[in-house]
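Colleague: I would like to walk through the fold of this chain. Shall we take the strands in turn?

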Amino acid sequence: MFCPVCNSKEIGKVANNQYYCWQCFVLFNVDSKNSVTGVFEVDDEGTLVALEDY
């Protein structure tokens, strides 16, 4: 699996169908077909902020 933002393979699993990129620091969700369904940044307070371009 690759990060949808930077194409890095440095990916960690956070929860079911939820992954974190250690290269560009985004969190993303995938569906059962491994298609990306959402990409988020984590702000300073720990809140997820959706990236609209994905």
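**Strand 3 and its neighbours**

Modeller: Strand 3 and strand 4 (residues 36–42) run antiparallel and are joined by five bridges. Strands here are DSSP runs of E, at least two residues long, numbered from the N terminus. Two strands pair if DSSP finds at least two bridges between them. This is a predicted model: local features need pLDDT of at least 70, side-chain atom pairs count only at pLDDT 80 or more, and totals for chains, interfaces and linings use all residues. Residues are numbered from 1 along each chain as its sequence is written, and side-chain values use heavy atoms, with hydrogens and water left out.

Colleague: What is the bridge partner of Tyr20 in strand 3?

Modeller: Strand 2 (residues 18–21) pairs with strand 3 (residues 26–30) over three bridges, in the antiparallel sense. Tyr19 stands opposite Phe28. The bridge partner of Tyr20 is Leu27.

Colleague: How many residues of strand 3 are buried?

Modeller: Buried means under 20% relative accessible area, with a 1.4 Å probe and protein chains only. Val26, Phe28 and Val30 point one way, Leu27 and Asn29 the other, and all are buried. The buried count for strand 3 is five of five.

Colleague: What is the strand order of the open sheet?

Modeller: The sheet has five strands with antiparallel pairing. Strand 1 (11–15) and strand 5 (48–50) are the edges, each pairing on one side only. The order is 1-2-3-4-5.

Notes
Helices (H or I, at least four residues) and strands (E, at least two) are DSSP runs, numbered from the N terminus. Buried means under 20% relative accessible area, exposed over 50%, partly exposed in between (1.4 Å probe, protein chains only).
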